[in-house]
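The following note sets out several points for a colleague who is examining the model. Each point may be checked against the coordinates.

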Amino acid sequence: MLYIILQCHESIGMRGIALFCFLLILLLPAVAQQVNGHWYGVGKVQYPRQSNSYLSELVLRQQGTRVWGDFIYYFKDSILQVPIRGRYNNTTRSVQLQPFPVVYFQSMSASRGLYIRMEGYFRLVASKTESSLQGMLFSIPAYRYMVPDINFKLVKSNDTLPLVKEPDTIPQPVKKVTVYKNISPAKPIAKPVTPTPIVPGTTAKTVPLTITEFPVVAGAQISSYNLFKERSKDVSRVLEVDNDTLRLELFDNGQIDGDSVSVFLNNRLLLDKSMLDISGLKLTIRIDTSLAYDELAMFAHNLGNFPPNSALLVLYDGKKRYEIFLNSTLNSTATIRIRKRSAVRK
């Protein structure tokens, strides 16, 4: 650059040199902030005691603030290619990708795995030696408790830049990869109880409380209750809460392997023989302050493919949120005890 300026000195003069340098300074950031190209790297799953990673390639095309292309990654027995779309922010030099399906990291294979929708956020980092996109994929809110983030550093390949040609018009979305469909839990035969509103100021809708008394009907529910009575209770925690009404979400804590559970409150069935999956079983309960404590129990109907029957219970007490890990076996039932603070009990 200095050589060019010196050569032009005699012909354009000092004002011309100043103008040339000014235009060059304006031009360089515009060139550097383009994200067109092939970006290669590894995505590492942010999960304790796990070393799972995704060998990945991000092929991006850019037109103004619009970004589109493909996310290509290797997963165990397959190479998958998923169309992506997003936006580029010139001010923050960041790429925001819209949700797209990614194989859940604990799936046994790509062909039989679970597909979770994840969003992407990457920041463009440029230096003298390399340009990279650094950021992560993170799950949409529906899976936020079961799907860990995947951190990436993707380095740009200058050799493949000519292969990425910007078309005249932005292409229409390619047919999407089939995404795992949530399994709806079985609905218990129950009588509705008048719902109690959740703490004012929250936006969540109150779900009617359903309780089934025993004995009521013959069949599977009676069988579940009889088995429940025969097993010991493994009390793992005593929890003090501020509200009578609590919201519960129950997720499979390990690999999605077919764990099936029933949920009991004070020996009454709330939910009968429902499968734990990544979308979560959702309930609203009202505790009985006349008791010394309320017992919430997770009864295991099986151990799935990977014992024990494990779950993550997310309990909402107004604006407070608790995460409790439960493990049930065919001999014992995971149980927690709940009592209200400053409540007058027997």
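1. A polar contact is taken here as a pair of N or O atoms within 3.5 Å; within protein, one must be able to donate a hydrogen and the other to accept it. The structure is a predicted model. In it, a polar side-chain atom of S274 lies 3.3 Å from the backbone oxygen of D272. S274 belongs to strand β14, which covers residues 268-275. With a relative accessibility of 0%, S274 counts as buried, because the cut-off for that class is under 20%.

2. The next point concerns charged pairs. Side chains of opposite charge can pair when their charged atoms come close. In this model the count comes to 9 salt bridges. One of them joins D242 to K320, with 3.0 Å between the closest N and O atoms.

3. Which residue forms a salt bridge with D244? The partner is K340, and the closest N and O atoms of the pair are 2.9 Å apart.

4. Is E323 buried or partly exposed? E323 is partly exposed, having a relative accessible area of 37%. R321 is also partly exposed, at 35% relative accessibility.

5. E240, D242, K320, R339 and R341 are linked in a network of salt bridges.

6. Rolling a probe the size of a water molecule over the atoms shows where empty space is left. How many cavities of 30 Å³ or more does a search of the whole structure find? The search finds 2. The largest cavity holds about 90 Å³ of space, and its lining consists of L248, L250, V263, L281, L283, L296, A297, M298, L313, L326 and I336. The elements that give two or more residues to this lining are β12, β15 (281-286) and β16 (294-300). Of the elements, β16 gives the most, with 3 residues.

7. The last point is a feature of the surface. V42, L55, Y74 and I79 form a nonpolar patch there, and together these residues have about 400 Å² of accessible area. L55, one of the patch residues, is placed in strand β2 (residues 53-63). The relative accessible area of L55 is 54%, and L55 is therefore exposed, the cut-off for that class being over 50%.

How values were computed. Residues are numbered from 1 along each chain as its sequence is written. This is a predicted model: local features need pLDDT of at least 70, side-chain atom pairs count only at pLDDT 80 or more; totals for chains, interfaces and linings use all residues. Side-chain values use heavy atoms; hydrogens and water are left out. Patches are made of residues with over 30% relative accessible area and no salt bridge: like charges are joined within 9 Å, nonpolar side chains (Val, Leu, Ile, Met, Phe, Trp, Tyr) within 5 Å. Accessible areas come from the Shrake-Rupley method with a 1.4 Å probe; for residues, only the protein chains shown count as cover. A salt bridge is a side-chain nitrogen of Lys or Arg within 4 Å of a carboxyl oxygen of Asp or Glu. Helices (H or I, at least four residues) and strands (E, at least two) are DSSP runs, numbered from the N terminus. Buried means under 20% relative accessible area, exposed over 50%, partly exposed in between (1.4 Å probe, protein chains only). On a 1 Å grid over the protein atoms alone, a cavity is a set of points where a 1.4 Å probe fits but cannot get out, and a pocket is an open set with protein on both sides within 12 Å along at least five of seven lines; lining residues have an atom within 4 Å of a point. Grid points are joined across faces, edges and corners, and a volume is the space filled by probe spheres set on the points.
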